[in-house]
Amino acid sequence: MILDHLNDKQREAALHTEGPLLILAGAGSGKTATMTHRIAYLIEQGMSPYKILAVTFTNKAAEEMRHRVEKLVGYCPGMWILTFHSMSLRILREHYEAAGYEKNFVVYDTVDQKALLKNILKELNVDSKEYPINYLAAIISKEKEADRGPEEYLELEGDTFKNKVIYRVYKEYQKQLKKNNAMDFDDLLLNALHVLRDNKEILGEYQRRFSYIMVDEYQDTNHIQYQIIRLLAASHQNLCVVGDDDQCIYQWRGADIRNILDFEKDFPEAKVIKLEQNYRSCGNILAAAHSVIRNNRGRKSKKLWTEAEEGHKIVYSRLDNDKEEAYYVAREIQLLKGPHRDYDDFAILYRTNAQSRLFEDSLRRQRIPYQILSGFSFYERKETKDMISYMRLVVNSKDDMAFLRIINEPKRGIGAKTLEKLQAIAMVRGESLLEAISDEEVLLSLPSKAQAAVRELVSIINMCRDERENLRISDIYDNLLVRTGYMRALEEQNTVEAEGRIENLLDFKSFIYDFEKEKQESGEKATLEEFLEKVATDGDADKFESESGKVTLMTLHSAKGLEFPVVFMPGMEDGLFPSHRSIDSEEKLEEERRLCYVGMTRAKERLFLTSASFRVLYGQGEYARESQFLRELDKKLLDSDGDTVYEPQSRKTHSSLGVSTGSLDGFAETPIKPYDPLARAKKAVKEHSAQGDIAFDVGDKVAHSKFGAGLVIDVDEKTITVIFDSEGRKKMAKGIAPLTKI
Ligand code: ATP
Ligand code: MG
């Protein structure tokens, strides 16, 4: 029954539960759906949910999958559906000692990581201009992804002067992390791997527990993740991996496409199932995406077909500049919304976060509600980070980074000199800063004006720690917010900015409430540790609400696995997309092309591509050529109506300026009329009234623009089924199919 929703191939995959299985298929072919049904099927067959492990790419995707499974088979406690990072975290929470850590270790996000590196550079007297922090962070991360420590780094790279500096930074960085009882994101995976690899008993425990293992988006696993999965599945090999080599977009972060291409080599018994029917996108969108990805070499050839309508053609518009582009997109959204679409049907997917600001502006101006998913909202706000640091100190008194962040927030009269002294004392005593300062003797060595405030701080943190069993997270938060003087300091500032911060802090409190409520509903007590873990491991795609009534803005990377009726991909320019860093490397260019494929295949009904002749990015204005991906796109699939393909009025202006721009490279082959907003609006109105407003009934005779005459035999909320004289039976989407009554 459960598998009735699947097609034959999908069902075959769901039924193949024993032994290794690779589902290799293109975008929108129902890979995730198949995996979900497979889990439900196993449970329906009597398998305990406790024995199932499913790994997905974002917490959001994991939640969604759990939700779908539970919809099919009811509540499933104890089932692990989570991301690689959360899985590693759980393993490490259960076996922190084997990893050489203390209970309640904390997870450092990139901001903490950079703060720590900054301190280290200062300590080691390394110039951050010569060795930028981002550069060092990237090297360290790369080394960890390859499971190489500082010594191995030096050995492999050679002991040049530069490498020796990096070696010392890396080594000190690891030492400090350990001292702070902290791990960074890469450590989570690496330590989990080491614990499993080096402890037969622990490995055995998980191998026995997880009889069935599944991994979605397998193309984006890195080498460490791959090894973790191999270890876990080694004994029974009931491993099902799902992926699309055309959608590997995280090579820059260590994802190894070979993991999927070599699956059959690693598991010679593996069964391979290809899914070829796409259920997501209209024919034209699918064809357009393929005309681009086809240019990548070294891919497994895959065909995708769809029963869906060809649908609308792809609309490409070249605008004069980036502001015009943002205005155009907002306007198009207003025109397309009509009575049959809600704002949450629209997504704007861009290459870099820096592109979002203009869209925010234009959407706000047009009073279009939107939600923006970027790494720089919520958790990155200063005040939120401060409060999180306070909470971290409550669970882990060794967390020096958190201590340094808040010791003078609010001002407690601790200057740089005093801090240095304190750090020296703590080092001699072999303690963390908080531990050291908790000793009255050390406290008394502080300047007398600081003593009272610091004593108060220590006592509040200790009180919260001692009482944390009896307090809710929100109570702890309140205590910290008020009794540390943080709130008062903001109130006393009495500025607009401070008011904004106070609002954000209240906002954060509702977030804590939500977390508590969610836990309560599933009958568990919400602990501060778990809350901090959620905060640390939430990726940006995790704040995404579907059905929010808002347009979604996000990067192409975070759109992975999602789908929207209407997608806009702005910034189709060489140097932006593909990014300038990829232009002279075939490998990187192919990754950008895959990203383009991912973006295009998010669209169900309509796809809009735009580019701007002139753009200001990172404070610099530049004329940009149309993206190489546009040149690759099959022109037949472009809407050449003339009223939606815009040509900048400034073709002349630019050349008269003597600037050669993309608009001259002749990409748009079809004759182009200048943009006429009025004509465009009229057309939109016509489209809306052509859609959905015609009520079709069973028995109606209809005409279709491609299939000719037919008879309606079934109508439901979303679809119309017609038997065509020439083509036979077809099920079509209401409102999109070009049908008229005859
Ligand atoms: P991606 O590669 O983007 O992750 P995917 O292969 O995981 O895509 P899904 O997200 O599982 O694809 O499915 C795409 C859409 O197709 C979803 O809306 C899903 O509900 C629908 N779908 C999948 N299988 C079927 C089916 N057999 N019948 C009808 N709809 C289906
Ligand atoms: Mg998927």
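Author: A disulfide is a pair of cysteine sulfur atoms within 2.5 Å. This is a predicted model. A search of the whole structure finds zero disulfides.

Reader: How do you know that cysteine 248 is in no disulfide?

Author: Look at the nearest cysteine sulfur. It belongs to cysteine 596 and is 16 Å away. The cut-off is 2.5 Å. Therefore the pair does not count as a disulfide.

Reader: Why is cysteine 248 called buried?

Author: Buried means under 20% relative accessible area. Cysteine 248 has 0% relative accessibility, so it counts as buried.

Reader: And what makes cysteine 464 buried?

Author: Its relative accessible area is 0%. That value is under 20%, so cysteine 464 is buried.

Reader: Why does serine 558 count as buried?

Author: Serine 558 has 8% relative accessibility. The limit is 20%, so the label is buried. Serine 558 sits in the loop between strand S12 (551-555) and strand S13 (564-569).

Reader: What makes the pair of serine 558 and threonine 555 a polar contact?

Author: Their side chains are joined at 2.8 Å. A polar contact needs N or O atoms within 3.5 Å, one able to donate a hydrogen and the other to accept it. The pair therefore qualifies.

Reader: Why is lysine 71 called exposed?

Author: Exposed means over 50%. Lysine 71 has a relative accessible area of 70%, so it is exposed. Lysine 71 belongs to helix H3 (residues 59-73). Its C-alpha atom is 40 Å from that of methionine 572, which is 501 residues apart from it along the chain.

Reader: Now the ligand. Which residues come nearest to ligand 1?

Author: Lys31, Thr32, Gln247, Glu563 and Arg602 come nearest, out of 19 residues around ligand 1. Helix H2 (residues 31-44) gives the most to this shell, with three residues. Domain 1 (8-94 + 190-277) and domain 3 (293-377 + 543-651) each supply at least three residues.

Reader: What is the make-up of the shell around ligand 1, nonpolar, polar or charged?

Author: It divides into four nonpolar, ten polar and five charged residues.

Conventions:
Residues are numbered from 1 along each chain as its sequence is written. Chains are lettered from A and ligands numbered from 1 in the order in which they are written. This is a predicted model: local features need pLDDT of at least 70, side-chain atom pairs count only at pLDDT 80 or more; totals for chains, interfaces and linings use all residues. Side-chain values use heavy atoms; hydrogens and water are left out. Buried means under 20% relative accessible area, exposed over 50%, partly exposed in between (1.4 Å probe, protein chains only). A residue is near a molecule or strand if one of its heavy atoms lies within 4 Å of it. Helices (H or I, at least four residues) and strands (E, at least two) are DSSP runs, numbered from the N terminus. Ala, Val, Leu, Ile, Met, Phe, Trp, Tyr, Cys and Pro count as nonpolar, Asp, Glu, Lys and Arg as charged, and the others, Gly among them, as polar. Domain bounds come from an automatic or database domain assignment.
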